[in-house]
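Welcome, and please take a moment to look over the model below before reading on. We will go from the whole chain to its sheets and helices, and then to a few single residues.

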Amino acid sequence: RSLLTPAGIMYDRSHAWTFMEKDGTVKVGIDDFLQHVTGSITRIRMKPNGDKVRKGEHVISVIQNGKKLDIQSPVSGTIVARNERLMTGTGIINSSPYDEGWIYSVKPDNWEKESPFLIPAGRYVEYLKDEFGRIRDFLAGMPGVSDVRLAHVVLQDGGEFRDGLLEDFGPEIWEEFQMKFLDQHR
């Protein structure tokens, strides 16, 4: 219920979002769901301006204390700007994922062909409901599910997920999450 899914934003199943600007460029960022799952992002790796990107290609890495997730581009094109503020203040991805926390501005190559595969906000809310079910199943099958120290993270009994639910897990769980939730649509 607390996730933001603003109207006018188009979402990718890899938890990236796009927004078409008046000048024809497309802003790209990560969705509110992903930043809630990871918790505080401590560092990012971005491609430089001028780089060509393809839909489905890893274009940004979000890092939390050495654990990382690679995010796919929801659109093909050329990076015309990147949000340099993220290099020193990654917290804005968490506090403002759809506004100040944008990652790239991309001049799209195939918007007409690629945009029909993106999900509008209203339908994305339904998609996220399915993702929460998948997360519950993912957590229930985690190694250490019986570890009392992780019970608050793993034993989700239908209640609300706490922010940063991946924070207490090591890199191997982040890699598993990468495969099952972010790379599934490549």
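What share of the contacts in the protein with a separation of 6 or more comes from residues 24 or more positions apart? The figure is 64%. Please keep in mind that this is a predicted model. It holds 6 helices and 10 strands, and 49% of its 186 residues count as buried.

Tyr-11 has Trp-17 in β2 as its bridge partner.

Another open sheet is made of 3 strands in the order β4-β6-β7, again with antiparallel pairing. Here β4 and β7 are the edge strands, each with a single partner, so one side of each has no neighbour in the sheet. On average, neighbouring strands of this sheet are turned by 20 degrees against each other, direction ignored.

Strand β6 (residues 58-64) is mostly covered, with 6 of its 7 residues buried. It pairs with strand β4 (residues 43-46) over 4 bridges in the antiparallel sense, and with strand β7 (residues 67-72) over 6 bridges, also antiparallel. β6 and β7 form a hairpin with 2 residues between them, and Asn-65 in the turn has a positive phi of about 50 degrees.

Arg-43 stands opposite Ile-63 in β6, and Ile-44 stands opposite Val-62 in β6. Val-62 also has a bridge partner in β7, namely Leu-69.

**Helix packing**

Which strands of the 3-stranded sheet does α6 touch? α6 packs on the sheet against β6 and β7, and its direction makes about 15 degrees with that of β7.

α6 has a helix partner too. Two packed helices are described by the angle between their axes and by the distance between those axes. Helix α4 (residues 121-140) and helix α6 (residues 171-182) pack at an angle of about 140 degrees, with their axes 12 Å apart. The crossing in which α4 passes α6 is right-handed. From α4, the contact is made by Glu-131, Arg-134, Ile-135 and Phe-138; from α6, by Ile-173, Glu-176, Phe-177, Lys-180 and Phe-181. By class, this contact of α4 with α6 has 5 nonpolar, no polar and 4 charged residues.

| Residue | Relative accessible area | Class |
|---|---|---|
| Thr-38 | 2% | buried |
| Asn-94 | 18% | buried |
| Glu-100 | 35% | partly exposed |

Thr-38 is found in helix α1 (residues 32-38). Leaving aside its neighbours within four places in sequence, Thr-38 is in contact with Gln-64, Leu-69, Gly-164, Glu-167 and Trp-174.

Asn-94 is found in helix α2 (residues 91-95). Why does Asn-94 count as buried? Its relative accessible area is 18%, and buried means under 20%, so Asn-94 falls in that class. Asn-94 and His-36 are 58 residues apart in sequence, yet 7.4 Å apart in space, C-alpha to C-alpha. Beyond its neighbours within four places in sequence, Asn-94 is in contact with Gln-35, Gly-39, Ser-40 and Ile-41. Two of these contacts come with polar distances: a polar atom of the Asn-94 side chain lies 2.9 Å from the backbone oxygen of Gly-39, and the side chain of Asn-94 reaches the backbone nitrogen of Ile-41 at 3.2 Å.

Glu-100 sits in the loop between α2 and β9 (104-108). Glu-100 and Gly-29 are 71 residues apart along the chain, and their C-alpha atoms are separated by 9.9 Å.

How values were computed:
Residues numbered from 1 in each chain as written. Predicted model: local features only at pLDDT ≥ 70, side-chain atom pairs only at ≥ 80, totals over all residues. Heavy atoms only, no water. Axes fitted to C-alpha atoms, helices over the stretch in contact; angles between N-to-C directions. Left-handed = near helix turned anticlockwise from the far one by under 90°. Contact = heavy atoms within 4.5 Å. Nonpolar A, V, L, I, M, F, W, Y, C, P; charged D, E, K, R; others polar. Buried < 20%, exposed > 50% of the residue type's maximum accessible area, 1.4 Å probe, protein only. Polar contact = N/O pair within 3.5 Å; in protein donor to acceptor, adjacent residues only side chain to side chain. Pairing = 2+ DSSP bridges.
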